[in-house]
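Subject: Structure handover

Hello,

Here is the structure for you to look over. My notes follow below it.

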Amino acid sequence: NTTLASLIDTSFNNIYQLILGKYFSLSQTGLFFQARKLQEVPIGVIKSSTFSVVFSALSKVQSDPKLFTKLYNRIITLFTVFVALICLLVFFYSKDIILMLYGEKWVESVFYLQILIVTSFFFMQEMFNRLIFKVFDQTHKILHLEYFKKTIQAISIVIGVIMMDVKILLFGFLVTSVISFFLNYYVSRRVQNNFVWYEFFLVIKVIMISIVTVLLGLFIKKNCGLTDFYSFFLLPVLIGVFLVLIKLFRVSDIIKDVRTVLITIRK
């Protein structure tokens with residue numbers, strides 16, 4: 001099931017490249033794929049460094065519903081906070097990243113990168129929820145949900161081609177990821193027979209905190225005249241504000257949660 005889902009995803013992405021190259025200008029296609037390459041870097045690092053460890057830890061406690069829920073909630077909280085912080089920083093520094101890596105001629109891809117990195121947040125939440133299907137041996141649901149996801153994405157592609165607007169494709173990615181996340185969340189909780197709104201409200205709170213952090217950063221940047229690479233002086237401020245708000249709004253006490261997760265896994 002997971003192999004078929006991966007094959008569908010890979011095939012769809014290859015078809016997607018052909019459609020972009022055929023119906024849109026070379027410059028639009030180039031801007032999109034340069035932004036896409038940057039977007040995939042943090043996703044790849046996070047997936048490769050966390051998913052196998054989390055899967056192993058959750059598999060060992062699947063027979064104890066109370067412990068499983070406790071461990072999962074702690075891990076998903078830390079995971080959501082960490083992914084949101086990465087996406088927030090990439091979004092805020094998207095122009096600087098493009099200029100630093102590609103130069104002035106690729107500056108138009110900033111908008112593409114910003115939309116794609118927001119999409120990444122929901123995509124990573126979706127992928128994390130899919131671990132539950134693997135833990136409880138319900139991988140056929142991954143395949144079924146992949147069919148649904150690609151159907152929605154195909155509709156957005158058709159509309160984008162008809163309208164000849166690559167931005168519709170970008171927002172199609174975003175809408176598809178948001179819908180897929182909520183659908184995966186609902187189905188995964190049904191598999192657990194433990195439907196609660198904890199993760200839903202967690203994601204909403206983290207999104208709001210991220211928006212406030214970005215707006216505050218933009219306000220400081222504008223009023224202090226921090227242009228170009230001088231804006232990197234704001235990096236510790238952005239991280240500090242984000243973490244303070246995370247604790248203030250009782251999303252997570254990061255140090256305590258990390259310690260609890262490590263102790264639980266060792267036990």
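Is M164 buried, partly exposed or exposed? M164 counts as partly exposed, at 47% relative accessibility. Buried means under 20% relative accessible area, exposed means over 50%, and partly exposed lies in between (1.4 Å probe, protein chains only).

First, the ground rules. This is a predicted model, in which local features need pLDDT of at least 70 and side-chain atom pairs count only at pLDDT 80 or more, while totals for chains, interfaces and linings use all residues. Residues are numbered from 1 along each chain as its sequence is written, and side-chain values use heavy atoms, with hydrogens and water left out.

Backbone

M164 sits in the loop between α6 and α7. Helices here are DSSP runs (H or I, at least four residues), as are strands (E, at least two), numbered from the N terminus. The phi of M164 is near 55°, a positive value in a residue other than glycine. R250 also has a positive phi, about 55°, and is not a glycine. R250 belongs to the loop between α9 (235–248) and α10 (254–266). R250 is exposed, with a relative accessible area of 77%. Most residues other than glycine have a negative phi.

The largest pocket

The largest pocket holds about 660 Å³ of space. Its lining counts 29 residues, and D9, K47, F123, M127 and K149 are the closest to its centre. Two or more lining residues come from each of α1 (2–23), α2 (26–60), α5 (110–135), α6 (140–163) and α7 (166–192). α5 gives the largest share, eight residues. By class, the lining has nine nonpolar, eleven polar and nine charged residues.

The cut-offs: on a 1 Å grid over the protein atoms alone, a pocket is an open set of points with protein on both sides within 12 Å along at least five of seven lines, a cavity is a set where a 1.4 Å probe fits but cannot get out, and lining residues have an atom within 4 Å of a point. Grid points are joined across faces, edges and corners, and a volume is the space filled by probe spheres set on the points. Ala, Val, Leu, Ile, Met, Phe, Trp, Tyr, Cys and Pro count as nonpolar, Asp, Glu, Lys and Arg as charged, and the others, Gly among them, as polar.

Cavities

There are two cavities of 30 Å³ or more. By class, the lining of the largest cavity has two nonpolar, four polar and one charged residues.

The second largest cavity holds about 30 Å³. P42, I43, I46, V83, I86, C87, I117, S120 and M124 line it. α2, α3 and α5 each give two or more of these residues. Eight residues in this lining are nonpolar, one is polar and none is charged.

Salt bridges

The count comes to eight salt bridges, each a side-chain nitrogen of Lys or Arg within 4 Å of a carboxyl oxygen of Asp or Glu.

One of them joins R74 and D257, at 2.3 Å from N to O. R74 lies in helix α3 (residues 65–92) and D257 in helix α10, so the pair ties together parts that are 183 residues apart in sequence. R74 is partly exposed at 25%, and D257 is buried at 6%.

K149 pairs with E126, the closest N and O atoms being 3.2 Å apart. K149 is in helix α6 and E126 in helix α5, so this bridge ties together parts that are 23 residues apart in sequence. K149 is buried, with a relative accessible area of 6%. E126 is buried too, at 0%. D9, E126, R130, E146, K149 and K150 are linked in a network of salt bridges.

E199 and R189 also meet in a salt bridge (2.2 Å, N to O). Both E199 and R189 are buried.

Surface patch

I155, V158, I159, I162 and M163 make a nonpolar surface patch of about 500 Å². Patches take residues with over 30% relative accessible area and no salt bridge, joining like charges within 9 Å and nonpolar side chains (Val, Leu, Ile, Met, Phe, Trp, Tyr) within 5 Å. Accessible areas come from the Shrake-Rupley method with a 1.4 Å probe, and for residues only the protein chains shown count as cover. I155 is found in helix α6 and is partly exposed at 49%.

Best wishes
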